[in-house]
Amino acid sequence: MHNVAITGTGVFTPSQVITNDELVAAFNAYADLWNAENADAIASGKVEAKAHSSTDFIIAASGIERRYVLDKKGVLDPARMFPQLTPRSDDEPGYMAEIGMDAAQKALAQAGVEAGDIDLVICAASNMERAYPAIAVEIQQLLGAGGFAFDMNVACSSATFGIQTAADMIRSGSIRRALVINPEICSAHLEWRDRDCHFIFGDVATAAVLERDEELTNPRFNILSTRCATQFSNNIRNNNGYLRRTQDQMEDRRDMQFMQNGRKVFKEVLPLVSKHIADHMADTGVTADDLKRLWLHQANKTMNDYIGKKVLGRTPEEGEQPNILQDYANTSSAGSMIAFSKYSDDLEHGDKGIICSFGAGYSVGSVIVERT
């Protein structure tokens, strides 16, 4: 069995930003239009008027202040309220492949690895741009990587599940190096017309290079242990899919975009994740005092504060549990990897930390690493 290390990470960040104030202005204009169009039904009590959103509401509910998106104009158009991306021919790179390749190239550069030396590419994300051919195979070709590639989807836990999958292959000796890429175009499956969730997601792509830890001299993070778990729940769901046409359900339906029962998610996911991390630490022989950093899934500040306190047995100190969601919002599987990429260089030899992601499924994945 071989040891495995994360030797490089990369983050692609879109150039367009939507602030809470901009988002609220667009949503409230949409709500006013909808209320005017449905004035008679509202007056008769058949439907409820859409309430306005506010920046204070968004901050209190999530801690999010802004988000990056591939297209700002479409999202902020009250008559549209979702991104407008230019169609691409089959001969052009797909959007996920394009942003994933950007993150991958940055990760390769940091690791000092050539694309041709990669044996495996995993594209792990909440949604895929198409059913087939795999986005990962397209990225493999664009990069000039070797070996093989495949897509995987475990929603917000896709990155950590991808890391475990790649690490297991490296441990067993079937491959030497892998790229785990998380291109998340969350703006495309978010329902921007729903006040309860219209602020949650943003777009981004992350990537990590994993290598067999033999004869490596560059600073790196050895993977001490990985663990994944799932438990079925409908509380986070998206019903869009390829069977939709067969059921004559092509109309604009709410459940064809991101849906969640937020109260149940809080109640059920927090203890699930806290116990998962505690059990993983205990089985690996890592204590709370050993941890220098928690890189958690970036869904909600309150959730992260709760988990951090449970894991450490105290309120995390400044920098121990870095949050990036105030700037990026929830970026699904990429969130914990953004935090890891941006807040890991300061760790010293022997320092340990945990990368953890969790979400729909339910799913939870954790990776215990040590700076070398």
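Trainee: Helix α4, residues 95-111. What should its 17 residues span, and how far apart are the end C-alpha atoms?
Mentor: This is a predicted model, to be clear. At 1.5 Å a residue, α4 should span 24 Å. Its end C-alpha atoms are 25 Å apart, which agrees.

Trainee: Which residues of α4 are buried?
Mentor: Y95, M96, A97, I99, G100, M101, A103, A104, A107, L108 and A111.

Trainee: And what do those buried residues pack against?
Mentor: Strands β1 (4-12), β4 (120-124), β6 (177-185) and β7 (203-212), plus helix α5 (135-143).

Trainee: What follows α4?
Mentor: G112 does. Its phi is positive, near 70°.

Trainee: Back inside the helix. How do the side chains of K106 and D102 meet?
Mentor: In a salt bridge, 3.0 Å from N to O. K106 and D102 are four residues apart in α4, so about one helical turn separates them.

Trainee: Why does that spacing matter for direction?
Mentor: An α-helix has 3.6 residues a turn, so residues three or four places apart point the same way.

Trainee: What does E98 form a salt bridge with?
Mentor: With R88; the closest N and O atoms are 3.2 Å apart. E98 sits in helix α4, and R88 in the loop between β3 and α4, ten residues away. E98 is partly exposed at 35% relative accessible area, and R88 is partly exposed at 30%.

Trainee: How many salt bridges does the count come to?
Mentor: The count comes to 20. One of them joins E22 and K72, with the closest N and O atoms 2.9 Å apart. E22 lies in helix α1 and K72 in the loop between β3 (66-69) and α4, so this pair ties together parts that are 50 residues apart in sequence. E22 counts as partly exposed at 29% relative accessibility. K72 is partly exposed at 23%.

Trainee: Which residues are linked in a network of salt bridges?
Mentor: E65, R66 and D327 are linked that way.

Trainee: New topic, the largest nonpolar core. Which of its 44 residues touch the most other members?
Mentor: V273, I277, L291, I307, I354, C356 and F358. The elements giving two or more residues to this core are α1 (20-37), α7 (262-284), β11 (291-296), α8 (301-312), β12 (352-359) and β13 (363-371). Helix α7 gives the most, with six residues.

Trainee: Take C356. What is it in contact with, leaving aside neighbours within four places in sequence?
Mentor: T160, V273, I277, W295, L296, H297, S336, V364, G365 and S366.

Trainee: Last one, N323. Where does it lie?
Mentor: N323 lies in the loop between α8 and α9 (325-328).

Trainee: Is N323 buried or exposed?
Mentor: Buried. Its relative accessible area is 15%, and the cut-off for buried is under 20%.

Trainee: And which side chain does a polar contact join to that of N323?
Mentor: The side chain of N304, at 3.2 Å. Leaving aside neighbours within four places in sequence, N323 is in contact with Q298, K301, N304 and D305.

Note on methods: Residues are numbered from 1 along each chain as its sequence is written. This is a predicted model: local features need pLDDT of at least 70, side-chain atom pairs count only at pLDDT 80 or more; totals for chains, interfaces and linings use all residues. Side-chain values use heavy atoms; hydrogens and water are left out. The expected span of a helix is 1.5 Å times one less than its number of residues. Buried means under 20% relative accessible area, exposed over 50%, partly exposed in between (1.4 Å probe, protein chains only). Contact means heavy atoms within 4.5 Å. A nonpolar core is a set of buried Ala, Val, Leu, Ile, Met, Phe, Trp, Tyr and Cys residues joined through side-chain atoms within 4.5 Å. A polar contact is a pair of N or O atoms within 3.5 Å; within protein, one must be able to donate a hydrogen and the other to accept it, and residues adjacent in sequence count only if both atoms are side-chain atoms. A salt bridge is a side-chain nitrogen of Lys or Arg within 4 Å of a carboxyl oxygen of Asp or Glu.
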